[in-house]
Amino acid sequence: MNVWRRLSGPRRALALAGAGALVAGGLVTIPVTAAQAATRCDIAYSSNDWQGGFTANITIKNLGDPVNGWTLGWTFPNSSQRVQQGWSAEFTQSGSQVTARSLSYNGSLATGASTSIGFNGAWSGSNPKPTSFTLNGVVCNGGTTPTASPSTTT
């Protein structure tokens with residue numbers, strides 16, 4: 001017989017409250033069913049520029065765990081840069097922040113796999129290339145482990 005069925009009324013409420021306190025206090029952990037994949041990636045960004053416009057090509061290489069559905073993000077260095085028409089991803093832009101989401105046919109990236117996306121864009125003033133990208137919210141760093149700052153002793 002299930003222990004929760006045997007407890008009724010105030011005894012059940014007290015047992016549930018106690019179990020909740022143990023979980024909240026970190027004394028009992030509940031296993032998480034969705035594992036967090038270790039995301040690592042390398043991005044190759046190139047563009048063909050002309051006065052006021054450009055075509056950009058981006059290759060996303062997955063260096064981490066397999067990914068099923070990805071979101072690539074970056075910030076344009078010049079606030080005038082705009083995505084006008086893209087391919088192989090769903091592009092959205094808010095201010096200088098750009099997001100590209102995978103499509104049904106290119107969302108799965110095994111470890112070591114790559115996919116390429118691109119877009120036509122517009123700019124005024126200058127067209128500097130983005131320098132930092134995120135894949136599913138994790139900064140792409142080419143798979144290198146960030147180094148810790150050296151500690152100083154006094």
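Mentor: Two strands pair if DSSP finds at least two bridges between them. Strands are DSSP runs of E with at least two residues, and helices are runs of H or I with at least four, numbered from the N terminus. The model under discussion is predicted: local features need pLDDT of at least 70, side-chain atom pairs count only at pLDDT 80 or more, and totals for chains, interfaces and linings use all residues. Residues are numbered from 1 along each chain as its sequence is written, and side-chain values use heavy atoms, with hydrogens and water left out.

Trainee: Over how many bridges do β1 and β2 pair?

Mentor: Strands of a sheet pair through backbone hydrogen bonds, either parallel or antiparallel. Cys41 has Asn62 of β2 as its bridge partner. In the hairpin of these strands, which has two residues between them, Gly52 takes a positive phi near 85 degrees. The sense of the β1 and β2 pairing is antiparallel, and its extent is 10 bridges.

Trainee: Is Ala44 buried, partly exposed or exposed?

Mentor: Ala44 lies in strand β1 and touches Asn57, Ile58 and Thr59 (contact means heavy atoms within 4.5 Å), leaving aside residues up to four places away in sequence. Ala44 and Thr59 are 15 residues apart in sequence, with 5.1 Å between their C-alpha atoms. Buried means under 20% relative accessible area, exposed over 50%, and partly exposed in between, with a 1.4 Å probe and protein chains only. Because its relative accessibility is 44%, Ala44 counts as partly exposed.

Trainee: In β9, which residue is the bridge partner of Gln85?

Mentor: β9 pairs with β2 in the antiparallel sense over nine bridges, and Asn57 has Gly118 as its partner in β9. β9 is also joined by five bridges to β5 (residues 82-87), and these two strands run antiparallel. The bridge partner of Gln85 in β9 is Asn120.

Trainee: Which are the edge strands of the open sheet of five strands?

Mentor: The order of this sheet is β6-β7-β4-β10-β11, with antiparallel pairing. β10 and β11 pair over two bridges, and Thr134 has Val139 of β11 as its bridge partner. The strands that pair on one side only are β6 (90-94) and β11 (138-139).

Trainee: Are the rings of Trp74 and Phe119 stacked or edge-to-face?

Mentor: Rings of Phe, Tyr and Trp (its six-membered ring) pair if their centres lie within 6.5 Å; planes under 30 degrees apart count as stacked, over 60 as edge-to-face and the rest as tilted. Trp74 is buried, with a relative accessible area of 2%, and its ring centre lies 5.9 Å from that of Phe119. This pair links distant parts of the chain, Trp74 in strand β4 and Phe119 in strand β9, 45 residues apart. Because the planes of Trp74 and Phe119 stand at 20 degrees, the pair is stacked.

Trainee: At what angle do the ring planes of Trp74 and Phe76 stand?

Mentor: Trp74 and Phe76 belong to one aromatic cluster, whose members also include Tyr45, Phe54, Phe91, Phe119 and Phe133. Phe76 counts as buried, at 2% relative accessibility. The ring centres of Trp74 and Phe76 are 6.1 Å apart, and the pair is edge-to-face because the planes stand at 85 degrees.

Trainee: How many residues apart are Cys41 and Cys140?

Mentor: The structure holds one disulfide (a pair of cysteine sulfur atoms within 2.5 Å). The disulfide joins Cys41 to Cys140 with S to S 1.8 Å, and the link is left-handed, with -100 degrees about the S-S bond. Both cysteines, Cys41 and Cys140, are buried. Cys41 is in strand β1 and Cys140 in the segment after β11, and the separation is 99 residues.

Trainee: How many contacts beyond four places in sequence does the model have for residues 144-154?

Mentor: pLDDT is the predictor's confidence in each residue, from 0 to 100; the protein chain averages 81, and 68% of the residues score at least 70. Over residues 28-35, pLDDT stays under 50, and the model has three contacts beyond four places in sequence. Where pLDDT is low, the predicted coordinates should not be read in detail. For residues 144-154, where pLDDT also stays under 50, the number of such contacts is one.
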